[in-house]
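Here's a quick tour of one protein chain, from the overall picture down to a couple of local details. Have a look at the model first.

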Amino acid sequence: MNEMNEMTAPSAATTATGARKSLIWLLLPLGLLLLAIAWIASTDPLRNFNNGAPPVEALTYERTVLDDTGIHVLLRAGGSEPMSIAQVQVDDAYWNFTQNPPGPIARGSTAWIDLAYPWVLGEAHVVNIITNTGTAFAHEIAVAVPTPVPTQSMLWQQTLIGIIVGVLPVAIGLMCYPALRGVGRTGMNFLLALTIGLLAFLLVDMTFEALELSAESAAMFQGNSMVILAALASFLILMAIGRWRGTPVGLSLSFFIALGIGLHNFGEGLAIGAAFAAGSAGLGTFLVLGFAVHNVTEGIGIAAPILKARPPLWSFAALALLAGAPAVLGLWLGSLAYAPQWSALALAVGAGAIAQVIVEVGAYLRRSNPGTRSPFFSPAVLVGFLAGLGFMYLTAAIIKI
């Protein structure tokens, strides 16, 4: 017994010594990095390369608010040094302005510029911000209309529109559940492939939409990288959650499909809300009708994994709300104002969720055809996939202006 203790003691001591050495080798490079940062900050070794050129400046317009007091714009600075606003032009005329908060705008910070300018309803106006270095940053207001103010009546109207756009079409699609339950294997393959086709279109649509919005955001947000990384992180996290207790099937798979579609409908709500906020009321009505037709197939796709089961009645209501209700929230945010970078981030997360659902539905399709070597290339699957793509593409043509 003593011999065993003597053999164990050196092993524990060796382990402790190894841990200390590992800690030292970890702290040493970190310490050197901190010393280098402190030296650069204190001595400024690059000052000898300064040839008198002005600092790099970048300014992004994140929000524009028009009301009876004038024009108000929210700016985000992205320059190498704090930026000072010297003058503001509106339609080529210099105009008095107030800044909140006052003073130089640090990198990454925001400030409101308030202009008591008598804008004209329906006209175009151009705001031009000029910094103290003489750099100008222009912003066009294509159609001047009052920015919506949140009221209880407006929110109720937008909620109704969101229900028509998101919840109602999905519910109509889910109502096809009883009629679809009798389909055989071929019909089931067609419906699952139809689901993959419509999801594939949504994935492409959301990705490009997120990239377009990210291009409007400040450079410091690294828009394209943010979109790709957020989508990848969303995909991996949802894959891990979905496989936590095995591969999702049946009702759990339907909920994952509804989640991905719900995130997409959030983006559609943003588009409709932005159309109303920009004064395109007729265009907004046009978009409402187009989106309603565009989303009917989504309910059929959500119902496909549960055709062989008998889920409780409450689950259909939950699926319809999960897939459609985010359109209401998107419509609220889109009409009241939203920052492009956060909208791009939300759409990127939705794209990752859609990609995860495509993988899971594809795996479910393969498991539903045991003994079949290549179920993805069977006639029913190919026709279903192309039908899903084609329907979404054609109905999207209605809403793309």
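## Surface and burial

Accessible areas here come from the Shrake-Rupley method with a 1.4 Å probe. On that basis the protein chain of this predicted model has an accessible surface of about 21,000 Å², and carbon and sulfur atoms account for 69% of that surface. As for burial, 42% of the chain's 401 residues count as buried.

## Overall fold

Counting up the secondary structure gives 12 helices and eight strands. If you take contacts between residues at least 6 apart in sequence, 76% of them join residues at least 24 apart.

## An aromatic pair

The chain has three aromatic pairs. One of them puts the ring centres of tryptophan 95 and tyrosine 117 4.9 Å apart, with the planes at 75°; planes over 60 degrees apart count as edge-to-face, so that's what this pair is.

Where do the two residues sit? Tryptophan 95 is in the loop between strand S4 (93–94) and strand S5 (98–100), while tyrosine 117 is in the loop between strand S6 (110–115) and strand S7 (125–131), so the pair ties together parts 22 residues apart in sequence. Tryptophan 95 is partly exposed at 30% relative accessible area, whereas tyrosine 117, at 14%, counts as buried.

## Two helices in contact

Further along, helix H9 (residues 313–324) and helix H10 (residues 326–336) have axes that come within 5 Å and cross at roughly 25°. That makes the two helices roughly parallel.

On the H9 side, the contact uses Leu321, Leu322, Ala323 and Gly324; H10 brings Pro326, Ala327 and Val328. By class, that's six nonpolar residues, one polar and no charged ones.

Definitions and conventions:
Residues are numbered from 1 along each chain as its sequence is written. This is a predicted model: local features need pLDDT of at least 70, side-chain atom pairs count only at pLDDT 80 or more; totals for chains, interfaces and linings use all residues. Side-chain values use heavy atoms; hydrogens and water are left out. Helices (H or I, at least four residues) and strands (E, at least two) are DSSP runs, numbered from the N terminus. Buried means under 20% relative accessible area, exposed over 50%, partly exposed in between (1.4 Å probe, protein chains only). Contact means heavy atoms within 4.5 Å. Rings of Phe, Tyr and Trp (its six-membered ring) pair if their centres lie within 6.5 Å; planes under 30 degrees apart count as stacked, over 60 as edge-to-face and the rest as tilted. Axes are lines fitted to C-alpha atoms, for helices over the stretch in contact, and angles run from 0 to 180 degrees between N-to-C directions. Angles under 35 degrees count as roughly parallel, over 145 as roughly antiparallel, 65 to 115 as roughly perpendicular and the rest as oblique. Ala, Val, Leu, Ile, Met, Phe, Trp, Tyr, Cys and Pro count as nonpolar, Asp, Glu, Lys and Arg as charged, and the others, Gly among them, as polar.
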